[in-house]
Amino acid sequence: WIGVALTAAGLAILAATLGNAADSKHADWTAGTLVAYTGALTVLALLCCSAVTDDPPRAGPVLGVAAGLLWGASDVSIKALSGRLGDLGLAVLVHPLALVILVLSLIGLVVSARSLQLGPVVPVIAITTAVGNVVTIASGPIVFGEPMPDSTGGAVLRIAAFALVCAAAALTPGPVDPDIRSGRPSPAASTP
């Protein structure tokens, strides 16, 4: 719960420091930067998925990270494509990014569903949300060239808030079920 509270506080501070700096920047992106960023997030998500095959106690949280990465990559693609809405109109529905958004969202949904099955639910939800928010927020300056605050205090506050969200995600591991670690079936699993 501390991690959830820290995530909320960090996101609130980030929102408060945005002002109107990012109002129209989402149209300013290059295909190479977008592909590199979303590609890196997707590869990291796949690495997370492959890392939990032999470690059930941490499988839920790690898959939660993977789902957050996939949904974050989808969100970044949505932001990029939404910048083209004025130019393309309904043609955005057949733009190649629309397929990327669909695939990343659907795979993220499957990975998220599995993460919730392996649980614990509240920490997994917090981790998924924090990771998705972190990578989406980070895409602002990295992919879309959104400016940092002009004042030193504002820049420090925004970086500190971003670090707070990252730290909160790290502080939100799920509790370990001793029955899973020992290989014994848990009481909940044995009830019909």
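Student: Is Thr129 buried, exposed or partly exposed?
Tutor: Thr129 counts as partly exposed, at 42% relative accessibility. Buried means under 20% relative accessible area, exposed means over 50%, and partly exposed is in between, with a 1.4 Å probe and protein chains only.

Student: What kind of model is this?
Tutor: This is a predicted model, where local features need pLDDT of at least 70, side-chain atom pairs count only at pLDDT 80 or more, and totals for chains, interfaces and linings use all residues. Residues are numbered from 1 along each chain as its sequence is written, and side-chain values use heavy atoms, with hydrogens and water left out.

Student: Back to Thr129. Which helix is it in?
Tutor: Thr129 lies in helix α6. Helices are DSSP runs of H or I with at least four residues, strands are runs of E with at least two, and both are numbered from the N terminus.

Student: How far is Thr129 from Trp71?
Tutor: They are 9.1 Å apart in space, C-alpha to C-alpha. In sequence, 58 residues separate them.

Student: What about Val131, buried or exposed?
Tutor: Val131 is buried, at 12% relative accessibility. Val131 is also found in helix α6.

Student: What does Val131 touch?
Tutor: Val131 touches Val65, Gly68 and Leu69, leaving out residues up to four places away in sequence. Contact means heavy atoms within 4.5 Å. The C-alpha atoms of Val131 and Ala168 are separated by 9.9 Å, and these residues are 37 apart along the chain.

Student: How does the span of α6 compare with what its residues should give?
Tutor: The two agree. Its 23 residues should span 33 Å at 1.5 Å a residue, and the end C-alpha atoms are 32 Å apart. The expected span is 1.5 Å times one less than the number of residues.

Student: What follows α6?
Tutor: Gly145 does, and its phi is positive, near 65°.

Student: Let's zoom out. How many helices and strands are there?
Tutor: The protein has 9 helices and 0 strands. Of its 192 residues, 36% count as buried.

Student: What share of the contacts links residues 24 or more positions apart?
Tutor: Such pairs make up 79% of the contacts with a separation of 6 or more.

Student: Now α2. Which of its residues are buried?
Tutor: Leu34, Tyr37, Thr38, Leu41, Ala45 and Cys48. They sit on the same side of α2, because they cover an arc of only 85° around the axis. The arc is that of the directions from the helix axis to the C-beta atoms.

Student: What is on the face turned away from that buried side?
Tutor: That face of α2 carries the exposed residues Gly32, Val35, Leu46 and Leu47.

Student: And what covers the buried residues of α2?
Tutor: The cover includes α3 (56–82), α5 (96–118) and α6 (121–143). Take Tyr37. Leaving aside neighbours within four places in sequence, Tyr37 is in contact with Val76, Val135, Ala138, Ser139, Ile142 and Val143.

Student: Which residues touch the most other members of the largest nonpolar core?
Tutor: Trp29, Leu34, Tyr37 and Leu69, out of 30 residues in that core. α3 gives the most to this core, with 11 residues. A nonpolar core is a set of buried Ala, Val, Leu, Ile, Met, Phe, Trp, Tyr and Cys residues joined through side-chain atoms within 4.5 Å. In soluble globular proteins, nonpolar side chains tend to be buried together.

Student: Where is Ser112?
Tutor: Ser112 is in helix α5. Ser112 counts as buried, at 9% relative accessibility. Beyond its neighbours within four places in sequence, Ser112 is in contact with Ala67 and Trp71.

Student: How many salt bridges, then?
Tutor: A search of the whole structure finds 1 salt bridge. Arg84 and Asp87 form it through their side chains, at 3.9 Å from N to O. A salt bridge is a side-chain nitrogen of Lys or Arg within 4 Å of a carboxyl oxygen of Asp or Glu.

Student: Is Asp87 buried or exposed?
Tutor: Asp87 is exposed, with a relative accessible area of 62%.
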